[in-house]
Amino acid sequence: MQKAGLLLSVCARAWRSVRKASSGMARQHPLANKVALVTASTDGIGFAIARRLAQDGAHVIVSSRKQQNVDRAVATLQGEGLSVTGTVCHVGKAEDRERLVATMWMDKEREESIKEMLRIRRIGEPEECAGIVSFLCSEDASYISGETVVVAGGAPSRL
């Protein structure tokens with residue numbers, strides 16, 4: 001009976017710890033100095049994700065197909081004191097996707113501060129991520145399982 005009580009106590013403490021971590025109470029601004037592009041983020045799940053990323057310290061760029069939705073979401077999140085900008089983006093249109101990605105780098109000061117954190121002192125290119133994805137999908141990676149591969153230019157990361 002004592003063992004069962006001890007086990008329940010340990011499980012309860014572990015559950016509280018998991019709930020605390022998932023609610024963001026355990027750490028302050030784990031996403032500081034990061035930028036998050038969140039598509040379809042002016043309502044519902046996308047909006048909740050954008051809010052949480054911003055609460056965790058990221059600068060968030062929200063997007064939607066309609067300017068009025070972007071304006072509303074940005075105003076709401078900025079009203080909460082969060083670092084948020086927005087742009088119209090229809091992910092089915094190449095020019096909209098390009099504009100969405102081009103939007104932190106329009107802030108040269110933010111771009112330079114991010115480069116300072118990177119050991120290689122430059123912003124990565126999409127093709128630099130594609131190589132590792134191709135490798136992980138290939139037979140060359142057949143013995144790799146359950147690993148985290150960080151493609152971040154030498155930026156410190158914690159998962």
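Colleague: Let's start with a single side chain: what is the relative accessible area of Glu80?

Modeller: Bear in mind that this is a predicted model. Glu80 falls between the cut-offs, with buried meaning under 20% and exposed over 50%. It therefore counts as partly exposed, and its relative accessible area is 39%.

Colleague: Which residue does Glu80 form a salt bridge with?

Modeller: Opposite charges can pair when the charged atoms come close. Glu80 has a partner whose closest N atom is 2.6 Å from its O atom. Since a salt bridge needs that separation to be within 4 Å, the pair qualifies, and the partner is Arg51.

Colleague: How many residues apart in sequence are the parts which that pair ties together?

Modeller: Arg51 sits in helix 2, while Glu80 belongs to the loop between helix 3 (67–79) and strand 3. Arg51 is partly exposed too, at 25% relative accessible area.

Colleague: How many salt bridges does the structure hold?

Modeller: Besides Arg51 with Glu80, the side chains of Arg52 and Asp56 meet at 3.1 Å, N to O. Glu112 and Lys115 make another pair, at 3.5 Å. For the whole structure, the number of salt bridges is three.

Colleague: Take Arg52 and Asp56. Which of them is buried?

Modeller: The cut-off for buried is under 20% relative accessible area. Arg52 comes in at 27%, so it is partly exposed. The other residue has 11%, so the buried one is Asp56.

Colleague: And which helix holds both Glu112 and Lys115?

Modeller: Glu112 is partly exposed at 40% relative accessible area, whereas Lys115 counts as buried at 19%. Being three residues apart, they are separated by about one helical turn. The helix in question covers residues 108–117, and that is helix 5.

Colleague: Zooming out, how many helices and strands are there?

Modeller: Reading along the sequence gives the pattern α-β-α-β-α-β-α-α-α. Counted up, the secondary structure comes to six helices and three strands.

Colleague: In what order do the strands sit in the sheet?

Modeller: It's an open sheet of three strands with parallel pairing. Its edges are strand 1 (35–38) and strand 3 (84–88), each pairing on one side only. The twist from one strand to the next averages 20°. With strand 1 and strand 3 at the edges, the order is 1-2-3.

Colleague: Which residue of strand 2 stands opposite Ala36?

Modeller: Strand 1 and strand 2 (residues 59–64) run parallel, joined by four bridges. The residue opposite Ala36 is Val60.

Colleague: What angle does helix 2 make with strand 1?

Modeller: Helix 2 packs on the sheet, where it touches strand 1, strand 2 and strand 3. Helix 4 (residues 94–102) also lies across these strands, running at about 165° to strand 3. For helix 2 and strand 1, the angle between directions is about 175°.

Colleague: Buried or exposed: where does Phe47 stand?

Modeller: Phe47 is in helix 2 (residues 44–55). Leaving aside neighbours within four places in sequence, its contacts include Ala40, Ala73, Thr76 and Leu77. Its relative accessible area is 13%, which means Phe47 is buried.

Colleague: Which residues form a nonpolar patch on the surface?

Modeller: One of the members, Leu136, lies in helix 6 (residues 126–137). Patch residues need over 30% relative accessible area, and Leu136 has 40%. Together the members have about 380 Å² of accessible area, and they are Phe135, Leu136, Ile144, Val149 and Val151.

Colleague: Last one: what share of the protein's residues count as buried?

Modeller: The protein exposes about 11300 Å², with carbon and sulfur atoms supplying 55% of it. Of its 159 residues, the share that count as buried is 23%.

Terms used:
Residues are numbered from 1 along each chain as its sequence is written. This is a predicted model: local features need pLDDT of at least 70, side-chain atom pairs count only at pLDDT 80 or more; totals for chains, interfaces and linings use all residues. Side-chain values use heavy atoms; hydrogens and water are left out. Helices (H or I, at least four residues) and strands (E, at least two) are DSSP runs, numbered from the N terminus. Buried means under 20% relative accessible area, exposed over 50%, partly exposed in between (1.4 Å probe, protein chains only). Contact means heavy atoms within 4.5 Å. Patches are made of residues with over 30% relative accessible area and no salt bridge: like charges are joined within 9 Å, nonpolar side chains (Val, Leu, Ile, Met, Phe, Trp, Tyr) within 5 Å. Accessible areas come from the Shrake-Rupley method with a 1.4 Å probe; for residues, only the protein chains shown count as cover. Two strands pair if DSSP finds at least two bridges between them. Axes are lines fitted to C-alpha atoms, for helices over the stretch in contact, and angles run from 0 to 180 degrees between N-to-C directions.
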